[in-house]
Amino acid sequence: MNKEFYNLIGVMSGTSLDGVDLAHIQFEIKNKQWSFKILESETVPYSTDWVNQLKTAVDFSKENLEILNQNYTQLLSKIIVRFIEKYKISNLDAVCSHGHTILHQPQNGFTLQIGNLPEIATLTQQKIVCDFRIEDVHLGGQGAPLVPIGDRILFSKYDYCINLGGFSNISFEENNQRIAFDISPVNTVLNFYANQLELNYDNKGQISKTGKINTELLSELNALDFYQKKHPKSLGFEFVKEAVLPLIEKFNISIEDKLHTFTEHIALQTALALPTKKGSLFITGGGAYNDFLISRIQHYLPEMEIIIPENKILEFKEALIFALLGVLKLRDEINILSSVTGAKNDHSSGIIYSAD
């Protein structure tokens, strides 16, 4: 008999490398309706050394990746234990952790999220639900995006849900199926150029705003193969490294112009991703703080109502939804939709590790 009430921690580390998101969440299910409360939440930033390792790990050898995985599992365990101790959290049903994506090559039947080794359960002394992507890839799916089932269960009142993180992704209902896919890089590229100005990010898009659009660069970005593909489709950092940055670097223009042009590209691709241009658009992720980007999305979608939620949901939605994926796995219920990932069938994905 499944429970009605769950006490969990959701843990997420995204491609924007701003740190590890942790959220203490309580879920309740009554009459097949889920509700949630986000209690304590925190982003624990990475040290400079860890940012550099995670940025360059895509080029690591197999042996060095194994060492990185061990070290990252240790780091993540310490962060989780500190969070539990700091907020005096007890009686947890599980800690539900995404890990950190290093390699994502679903076309080759391969994806790697580090921090999901079995010893994380022993180190934290908690039940851990993790490694949500790998089974989907083995079933022929993209292993991404995974958030859409959470959009369907927790945020169904909005026509479209978009997350603007390292990459952007969208989800919506079409013919009684949840459709979702990655749209474009966002903060992986914007932060790369902000870093060249010795900034962590372009605050509210103020620097992007001062630049000019390079129309030739914009049209070449929009012509990249990925944007011509039908969904399901997903992006990894490999796309940024191999396709996007080399293209931008061909142009001898200012960083401000690169930022402005890429912001325009994100906004245009966002609008193109929506089958209808009316309704409500629920935006979360760090990019929601980029006022200039939001204004450009609104420019391309003048009839769309854009909703940006309170900070806790905006910043910790992915941690919230990975906690939900973990609960569904504990209940042996579907947590990945084949309509989203292209896998052979819907399934209940993830690995459960016990502390004993």
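Me: What span should the 13 residues of helix H9 have, and how far apart are its end C-alpha atoms?
Reply: At 1.5 Å a residue, helix H9 (residues 237-249) should span 18 Å, and its end C-alpha atoms are 17 Å apart, which agrees. Please keep in mind that this is a predicted model.

Me: Where does H9 bend, and by how much?
Reply: The bend is at Ala-243 and amounts to about 25 degrees. A proline, Pro-246, follows within four residues.

Me: Which residues of H9 are buried?
Reply: They are Glu-238, Phe-239, Val-240, Val-244, Leu-245, Leu-247 and Ile-248.

Me: What covers them?
Reply: The cover includes three strands, E4 (94-105), E8 (167-174) and E9 (177-185). It also includes the helices H6 (187-196), H8 (215-222) and H10.

Me: Which residues touch the most other members in the largest nonpolar core?
Reply: Ile-170 and Leu-281 do, in a core of 44 residues. The largest share of this core, seven residues, comes from H10 (residues 255-273). As general background, nonpolar side chains tend to be buried together in soluble globular proteins.

Me: Changing topic: how much space lies in the second largest pocket, and which residues lie nearest its centre?
Reply: That pocket holds about 390 Å³ of space. Of its 17 lining residues, Gln-107, Phe-226, Lys-229, Ser-234 and Phe-239 lie nearest the centre.

Me: Which element gives the largest share of that lining?
Reply: Helix H9 does, with four residues. Phe-239, one of the residues nearest the pocket's centre, is also among the buried residues of H9.

Me: And cavities: how many are there of 30 Å³ or more?
Reply: The count comes to two. About 40 Å³ of space lies in the largest cavity. Its lining is made by Pro-145, Leu-146, Pro-148, Ile-149, Asn-335, Ile-336, Leu-337, Val-340 and Thr-341. Helix H5 (148-154) and helix H13 (338-341) are the elements that give two or more residues to this lining.

Me: What kind of peptide bond joins Ala-144 and Pro-145?
Reply: A cis peptide bond joins them, with omega at about -15 degrees. Pro-145 lies in the loop between helix H4 (134-138) and H5. A cis bond also joins His-231 and Pro-232, where omega is about 5 degrees, and Pro-232 lies in the loop between H8 and H9. In general, most peptide bonds are trans.

Me: What is the phi of Lys-204, and where is that residue?
Reply: Lys-204 has a positive phi of about 60 degrees although it is not a glycine. Its place is in the loop between H6 and helix H7 (206-210). At 44% relative accessibility, Lys-204 counts as partly exposed.

Me: Is Asp-332 buried or exposed?
Reply: Asp-332 counts as exposed, because its relative accessibility is 62% and the cut-off for exposed is over 50%. It is not a glycine either, yet Asp-332 has a positive phi of about 55 degrees. Asp-332 lies in the loop between helix H12 (311-330) and H13.

Me: And Asn-69, buried or exposed?
Reply: Asn-69 counts as buried, because its relative accessibility is 11% and buried means under 20%. This residue is found in helix H2 (residues 62-86). Leaving aside its neighbours within four places in sequence, Asn-69 is in contact with Leu-112, Ile-114, Gly-115, Asn-116 and Leu-117.

Me: Last one: where is Lys-157 found?
Reply: Lys-157 is found in the loop between H5 and strand E7 (160-164). Lys-157 is exposed, with a relative accessible area of 67%.

Notes: Residues numbered from 1 in each chain as written. Predicted model: local features only at pLDDT ≥ 70, side-chain atom pairs only at ≥ 80, totals over all residues. Heavy atoms only, no water. Core = buried A, V, L, I, M, F, W, Y, C linked by side-chain atoms within 4.5 Å. Buried < 20%, exposed > 50% of the residue type's maximum accessible area, 1.4 Å probe, protein only. Expected span 1.5 Å × (residues − 1). Bend = angle between axes of the 7 residues up to and from the residue. Contact = heavy atoms within 4.5 Å. 1 Å grid on protein atoms, 1.4 Å probe; cavity = no way out; pocket = protein on both sides within 12 Å on 5 of 7 lines; lining within 4 Å. Points joined across faces, edges and corners; volume = space filled by probe spheres on them.
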